[in-house]
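Please read this short report alongside the sequence and the structure shown below.

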Amino acid sequence: MADKLTFTRPDDWHLHLRDGNAMRSVLPDTARRFARAIIMPNLKPPIVTTEQAAAYRARILSALPAGLAGRFEPLMTLYLTDATPPEEIARAKESGFVQAVKLYPAGATTHSDAGVTDIARCGAALAQMEKLDLPLLVHGEVVDPAVDVFDREKVFIDRVLIPLQQRFPGLRIVFEHITTREAVEFVQSASGRIAATITPHHLMLNRNALFTGGLRPHHYCLPVLKREVHRQALLKAATSGHARFFSGTDSAPHPVSAKESACGCAGIYSAHAAIELYAEVFEQVGRLDRLEAFASFHGPDFYGLPRNSEQISLIRESWQIPAQIEFGEDVLIPLGAGGQVCWKLVGN
Ligand code: DOR
Ligand code: ZN
């Protein structure tokens, strides 16, 4: 049993950093572990133009503490709306720092109200993305209130993703934070243009974790945790070595007051221990040998970016996750608060 793992520095292909002092608090957790991260654009107001993405990128870079400056690259995204013009897509591609465009179905999740009401309205933008080879990242859930919350991802595949793929066969698509066996099967059987990210929390927890001994708001995220059979399918996919599954934490910090509320926000914070938690999960199924490919190779290969050249090391040493973490003027409750993680990041 290895007591030290040294491997290519990983990337996080799905991250919420927020802004201002809140961002300042959480950014070092990611930058210590990951070389790059795809930064979600669901700020309020959202990042809908390349110019806004440039300004947000500059704020992220200037929020890096001295020791991490120059070691972390934010990969920016635009927030797709019904009105995104193809010219904006061209500007995004031209910029070199916008790596993708994010589709939030309007009303699907946190800060998605400015999202897409009907994908049919986005034809010109999507055609331009296909032409310029700028990937589309999808929050894959329908918002139809008649659809059971636990079926929203599965129904999205049939109603939105399959028709989208047929209409734009050349479009690169990342099916973000997949949660179901159906999503795994869809990606496996899809063309090489479709990949998926998988979060640590969807690998670690099933939906029972929402209700263990009472209501657990810190385990609430979207897409919501699913049954154990789905977690097993995700685990199998992540550790299979399949090149179109890769790391994306969806670390999504919220102040404790917004989570522990009569209408609590969706989002789980995992940046404080993300690569360590992935390592723990891979080890549980005896596949630590495939962690590097999942966390460090498959993502850049799919995005057409170079793999990182530096390395990181984890040692087998148990440490306690803090009960809470500073979050701007507030605090947040991290995934696994108060519990132990068996892998520890060396240095950094
Ligand atoms: O749980 C989630 N939180 N899912 C999302 O899609 C958005 C995210 C957030 O921004 O808090
Ligand atoms: Zn997200």
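Phe 7 is located in strand S1 (residues 4-8), where strands (E, at least two residues) and helices (H or I, at least four) are DSSP runs numbered from the N terminus. With a relative accessibility of 5%, Phe 7 counts as buried, a word that stands for under 20% relative accessible area, while exposed stands for over 50% and partly exposed for what lies in between (1.4 Å probe, protein chains only). Leaving aside residues up to four places away in sequence, Phe 7 touches Ile 275, Leu 291, Glu 292, Ser 296, Glu 310, Gln 311, Ile 312 and Leu 314, contact being defined as heavy atoms within 4.5 Å. Phe 7 and Arg 287 are separated by 280 residues in sequence and by 14 Å in space, C-alpha to C-alpha.

## How the model is described

This is a predicted model, in which local features need pLDDT of at least 70 and side-chain atom pairs count only at pLDDT 80 or more, whereas totals for chains, interfaces and linings use all residues. Residues are numbered from 1 along each chain as its sequence is written, chains are lettered from A and ligands numbered from 1 in the order in which they are written, and side-chain values use heavy atoms, with hydrogens and water left out.

## The zinc site

The zinc ion (ligand 2) is coordinated at 2.0 to 2.1 Å by His 14 (NE2), His 16 (NE2) and Asp 250 (OD). Donors are N, O and S atoms within 2.8 Å of the metal (3.2 Å for Na, K and Ca), and water is not among the atoms, so sites may look incomplete. Along the chain, the donors of this zinc ion follow the spacing H-x1-H-x233-D. Because His 14 lies in strand S2 (residues 12-15) and Asp 250 in the loop between strand S9 (245-247) and helix H9 (256-259), the pair ties together parts that are 236 residues apart in sequence. Both His 14 and Asp 250 are buried.

## Two helix pairs

Helix H3 (residues 86-95) packs against helix H4 (residues 123-132) at an angle of about 30°, with the axes 8 Å apart. Axes are lines fitted to C-alpha atoms, for helices over the stretch in contact, and angles run from 0 to 180 degrees between N-to-C directions.

Helix H1 (residues 20-33) and helix H2 (residues 50-63) pack at about 65°, with their axes 9 Å apart. Met 23, Arg 24 and Leu 27 of H1 meet Tyr 56, Arg 59, Ile 60, Ser 62 and Ala 63 of H2 in this contact.
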